[in-house]
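Here's a quick walk through some strands and how they pair up. Have the sequence and the 3D view open while you read.

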Amino acid sequence: MEIQDKRQVAVIGGGPRGTSVLERLIAGHRALGGSAPALVIRVVEPHDPGPGHVWRPDQSRLFLMNTPCLYPTVVPVGTPAAGIAPAPVGLSFDAWRERAVAGLVPELDGDDLAECAGLASRDFPSRALYGRYLTWVFGEVVRAAPPNVSVIHHHHEAVGLDRTTSARRGAHEWRITLDDGSQFDADDVVLALGHLPATLTPEQARLQDAAARHSLQYWPPAVPADVSWNRLPAGKTVLVRGLGLNFFDAMIQLTEGRGGRFSSADDDGRLVYTPSGKEPRLVAASRRGVPYRAKASLDSYVPRSVVLRFCTLDRALAFRASGVQPGFDHDLWPLLHRDVLWTYYSTLGRTAPGVFLVPIEAFLADLDAALATDGPGWEAAAGNAVARAVPVDLRLDVEALAHPFAGRRFADGDAFTGAVLAYLDADAAGSAQGEDNPLKMAIGALNAGRTVIKQVVADGGISVASWNAELRGWFEPLVEGLASGPPPLRIAQLAALVRAGIVRFVGPNPSFGFDPEAGQFRAASPWVSGDSFTAHYLVEAMMPANRVSTSLSPLMRHMLQEGIVRPATFLGEGGAPVTTTGLDVAGPPYRAVDRSGREQGSLFVIGLQLASVQWGTAIAAQAGAALEAGSRTLLDADAIAGAILDRASAWTPSEVAVSAGQQTAAGVTAASTVD
């Protein structure tokens, strides 16, 4: 059968999500056996398929993942995946790493093998190595394709998606235009676009304009591996806005990446930094004033001592089952808040029973009874139990963790930087304690509850107002800053850089702007007296905004302009429409909704652009987790693949009047079949 006579499926985006869709298509096709339709699956990805853009293997090994080896997978693995078609390549990243150490992954070079051998399951791998895994998975999935399935990689960017003009029954529905002008037609299209470039905010645009007019350098949000860090000169002050994961990438490239060395101190186990002399001086700032907290040193993703008693899936879903659409603050957070408090105080009782003002058994019994109180009275009851038994400096205020220096004023920048250094040292020490650190275990409970919350709030599980003002408004920044932090090593290294005078901090709620008198960028905090910082260089340590309406992607802009897709909107307070960050989609398997509000049966969405109906879409699938929870992205991929295969099985190739001449020759030439 000619390629043009087969069912044509286009997966636009060949990163992890696109790879998962391809794997599920191949797995589902194999499960159908002899009744499966002939397919051509075209993967459109300008980078190597598998890792795509963010995870490409040629990036610096200094860029680390913020999850340990044991966590990520791009294919279903383990017992929870038994209910779906078996994966043709059923290896999580950690299983693949162990296979590599055993010499069973021959494609790896010496550096890859050395890194694999130096890692344990609890360690944090480089993003480059994870990219090698994704490359390997993609290749193995293609090799596992049945004889009547062809996989073609178009090594180009898709810049257009339009409906074909043919009204003939059975004709291909979509025409994809690539960046070289070539085109091909498809019956089904999956948008697995991942991170896209975005326009700057008005404030960022003003800073960029000031840089252009005054010979300064403004570095906008970007994927860290795309940035030419060597262009920042040694010895110069560089303002860095953002203290999340991108900050640590910038930090390590500008220090260890320039020949500096970290070593262990002999006296207290802290790290010491020996400069190379090539480092710039970094002045960093964020709204909280401090970096994300480090992950705890654990041999499991969720601490083994953490057991959710209140924020269970059954209890969290009970509202929906009873016909009530819950609010986050009123209904869901009280469940998780209880678990966080219990985890903290029970861990404190286990590790330091002598700090309590009453016998630990009596306190835990009182706290347990308070947490079991129905209705809003539970919080006051728990507060009373804590007040009777716990010294003030050991009490936990969960929401205050988002702003550790709230209300504190500092005499100058040195005072604030000293306070942050103490914070960093305590955080690194807490991570090293693992399961024995009460605060890290409370954060572990918060992280475990996040997985439950993600499942409950998806697809309209809470009200739109609660989604935006509560879940996304305050809880997301809280949990991101506490539970999505860097490897513990990065916090210890940052503390060493502060002691070495390489890094300083501006202060909470900083302002950034152009100072016409100095002719430079200036950063200052209202909470730090007397000091502000000026520099010719300002780096935005953050990814481009994940917002479809401001995307610079030619494909996204074209689809929006033509009405193929539309951003999801809702009515805010006062009845004014509010545009969300993601695309408007129908329920799973997430078919896109066009400008007129029509669900499109053959256009599917997966990944970041589902931010309008899912929370935490950037988080990878968790190896061995339930598909509905930690591996939700794999469940989405399976549902999309199932819908495509169902459509393909009902399709009659003889009805399609698409000749080879209708496929633009350049498009076929640009494609390279992956064997």
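Let's start with Gln-8, which sits in strand E1 (residues 7-12); helices (H or I, at least four residues) and strands (E, at least two) are DSSP runs, numbered from the N terminus. Gln-8 is buried, at a relative accessible area of 1%; buried means under 20% relative accessible area, exposed over 50%, partly exposed in between (1.4 Å probe, protein chains only). Asp-185 is 177 residues away along the chain, yet its C-alpha atom and that of Gln-8 are separated by 7.3 Å.

This is a predicted model: local features need pLDDT of at least 70, side-chain atom pairs count only at pLDDT 80 or more, and totals for chains, interfaces and linings use all residues. Residues are numbered from 1 along each chain as its sequence is written, and side-chain values use heavy atoms, with hydrogens and water left out.

On to strand E6 (residues 174-178): 4 of its 5 residues are buried, so the rest of the structure largely encloses it.

E6 and E7 make a hairpin with 4 residues between them, and Gly-181 in the turn has a positive phi of about 90°.

Elsewhere, an open sheet of 3 strands runs in the order E15-E16-E17 with antiparallel pairing. Its edge strands, E15 (511-515) and E17 (532-535), each pair on one side only.

How values were computed. Two strands pair if DSSP finds at least two bridges between them.
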